[in-house]
Amino acid sequence: MTFTDWLRGRSDEQLRALVSARPELITPVPAHLEGLAARASSPSAIGRVLDRLDRFSLSVVEALAVLDEPVPADRLKSALNLPRSPKQTIERLRGLALVFGTDKALRLAPGVRGVLEDPAGLGPPVADVFRHHPPEQLTEMADEIAPGTTGTGKDRLAEALAQPGKLIEEVSPEARTALNQLTWGPPTGRVPNARREVTTATARSPIEELLARGLLAATGEQTVTLPREVALHLRDGRVHHDAQPNPPKLEGTPRQQPLADRTAAGQAFELVRAVEELCERWSVEPPGVLRTGGLGVRDLKRTAGLLDQPEWVAALAVEIAHSAGLIGAEGEWLPTSAYDVWRVKPTDERWVRLAEAWLRMDRVPGLMGERDEKDRPLNALHPDLRRSSAPGIRRATLEILPPGLAPSLESVQQRLAWEQPRRRALLRDQLIEFTLREAEQVGVTGMGVLSTHGRELLDGDVTSLAALLPEPVDHVLLQADLTAVAPGPLTSDLNRWLALTADVESKGGATVYRFSESSVRRALDAGHGADELLSMLARHSATPVPQPLSYLITDVARRHGRIRVGTAGAYIRCDDPALLDQITADRRATPLRLRRLAPTVIASRTSRAVLVDSLRAMGYAPVAESIDGDVIITQLDSRRTEAQPAPRTVHTAVLDPDVVVAAVRAMRAGDARRAPAEAPAGQVPRGPATATITALQDAIRAGVRVWIGYLDSQGNATSRILEPARMEGGYLTAYDETRAAVHRFALHRITGVADLS
């Protein structure tokens with residue numbers, strides 16, 4: 001029975017399970033089951049499904065690859081040294097179309113052996129390992145180790161090495177030690193000079209003893225390989241040293257789940273606040289984009305100081321905000337218009353957006369600081385921080401975390417090494433470490449334990465987080481020492497306004513803000529008036545506005561804007577000539593090279609920005625004005641870049657069940673009728689729209705073919721034979737037998753439906 005015949009014998013339910021587990025097999029849908037068999041046997045498809053196997057399942061595949069087919073299940077049990085036959089694993093491999101046949105005659109799917117490299121640490125069989133040796137040399141070797149046998153040198157050598165026990169007994173203890181080193185793999189070793197032309201009489205070293213007897217084969221000038229038959233003999237017929245059917249147990253520290261949930265919720269809230277603060281500050285002072293596309297080291301240090309976090313935590317927040325589409329590059333790193341939509345949503349929804357971006361992004365912030373192929377450092381947001389395997393390992397790491405246990409890093413790495421043995425070990429272990437560290441900062445885990453809302457995130461529906469988040473407050477406590485104490489997390493609008501008007505002095509259970517002349521002037525520069533500031537404070541303060549704070553705001557506002565700075569080189573304009581006299585008499589103004597043009601106007605050769613900053617350093621409170629004399633609002637808190645395409649994320653391929661059903665029907669139909677079907681003779685079906693919809697719904701439920709009339713894009717009436725799969729959004733998805741492909745049909749273009757009988 002061929003692999004294609006075996007696939008044809010599978011039930012529709014089994015085929016649906018196959019394509020659901022291996023969605024790449026129906027992208028696009030093969031025309032028939034023979035096409036499905038060919039695609040399932042391709043190296044790329046086999047490599048993908050092998051990457052999903054755990055260590056024990058892979059051990060079973062490797063055992064089948066090295067044993068002579070067909071392999072009975074009992075022979076597989078003894079080769080793996082198991083107490084019972086691995087029936088459950090065999091059935092799973094059948095479901096993935098890696099193994100086919102009955103339990104008495106198991107076979108690997110075509111192409112699997114070609115993808116496996118040194119299965120189970122075993123080298124090639126004798127016939128392959130001696131393939132490039134000259135025939136006369138093989139004959140000479142066979143005459144020496146198998147005298148009296150007949151046939152070609154290669155055949156005689158293969159027959160002798162099928163039972164190599166006697167040859168192994170003849171070698172020295174040193175040679176036997178060399179064999180033992182290669183027994184369990186890797187099967188290849190390096191030697192100074194691997195001579196092919198050597199006999200037992202001319203052998204001068206343990207390696208040459210083995211080469212002369214065929215127990216090793218020279219496969220290069222400095223390379224020797226242990227033939228598969230010899231290795232299996234040394235292993236006493238076992239393919240694997242220890243085929244462990246169960247995953248290693250996770251070890252760690254038990255913790256109370258409610259406490260872990262509250263801790264994780266606190267971290268989730270901090271992440272949302274950090275991203276909001278980052279975007280607000282970058283709205284005003286956006287960092288530049290490096291030529292490599294990343295974020296500069298100094299800018300990252302400044303951002304870390306702003307967020308009061310270590311640099312790697314700040315880099316994580318930046319990367320997540322970028323992957324969530326909240327910041328983008330336009331010469332500078334700026335918030336996108338999507339940030340304004342995100343900012344007004346509830347905190348739990350904002351966290352879900354960030355956490356999903358982290359879970360799915362193929363970027364690895366933990367690699368920041370390492371060097372690329374040209375020995376250049378990898379900065380935050382650098383394009384080379386991408387690793388395609390990152391999302392899969394990130395999800396796999398979180399999915400194995402049990403409730404109420406904070407497992408150790410080594411324990412998780414050992415578990416993932418069992419579940420993903422074909423992944424590159426060094427990168428996998430590194431990504432696991434990054435995942436556990438970042439999950440704590442993101443709020444997916446708390447105290448090392450996967451939170452309830454973290455598990456809901458993996459399942460795609462977060463419902464428990466909102467109840468754990470602190471309730472935002474809309475008031476502060478104003479104090480006479482020009483500080484304001486926020487007794488909890490502030491509402492988004494109050495937080496933005498207070499960050500503009502005051503400076504953060506300390507963070508903790510309560511955030512302390514300090515008002516100063518420069519912070520009040522910053523609010524005035526943004527277009528707020530003194531009355532507006534005092535009114536806002538009175539509205540959001542649980543205590544009366546202290547007199548010192550009121551005096552500070554009134555005094556700064558009284559002096560604010562009395563001096564106007566415009567563009568000449570630059571000029572100073574003021575309605576009070578005495579104040580201009582004071583400026584020109586000030587020795588600190590000498591570098592500005594001022595010149596009095598009129599009683600109320602002074603010109604300067606410096607730029608407007610330099611002139612404004614210099615006057616403020618001298619204790620004045622100027623404002624900038626445009627060429628038309630209008631005050632320029634210098635607070636750029638609304639700078640945005642256009643919403644950009646979302647950075648690349650990797651989504652787990654999950655097929656729609658209706659698509660799976662339609663695909664299997666299509667392949668069955670194509671297999672039964674390899675030539676395209678022809679529509680019955682006669683008039684194109686026509687009928688009322690309601691009757692058409694009802695007939696199509698009945699055909700979907702019954703799984704039968706129908707004959708339809710259809711108007712093409714030019715309005716021409718055609719007829720099709722379809723196997724309907726589903727209807728939604730005004731379209732019918734069905735397998736078109738007249739075209740041998742799955743298509744979508746606009747319902748308003750279907751003129752009618754008729755039964756094929």
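Which residue forms a salt bridge with D12? Select D12 and R668: the two form a salt bridge, with their closest N and O atoms 2.8 Å apart. A salt bridge here is a side-chain nitrogen of Lys or Arg within 4 Å of a carboxyl oxygen of Asp or Glu. D12 sits in helix 2 (residues 12-21) and R668 in helix 31 (residues 657-672), 656 residues apart. Helices (H or I, at least four residues) and strands (E, at least two) are DSSP runs, numbered from the N terminus.

This is a predicted model, in which local features need pLDDT of at least 70 and side-chain atom pairs count only at pLDDT 80 or more, while totals for chains, interfaces and linings use all residues. Residues are numbered from 1 along each chain as its sequence is written, and side-chain values use heavy atoms, leaving out hydrogens and water.

Next, select R726 and D656, whose side chains meet in a salt bridge (2.8 Å, N to O). R726 is in strand 22 (residues 717-728) and D656 in the loop between strand 20 (623-624) and helix 31, so the pair ties together parts 70 residues apart in sequence.

Move to helix 26, where E517 and R521 lie 4 residues apart, about one turn of the helix. Their side chains form a salt bridge (3.9 Å, N to O).

Finish at helix 25 (residues 492-501), where 7 of the 10 residues are buried (under 20% relative accessible area, 1.4 Å probe, protein chains only; exposed is over 50%, partly exposed in between). Among the buried residues are W497 and L498.
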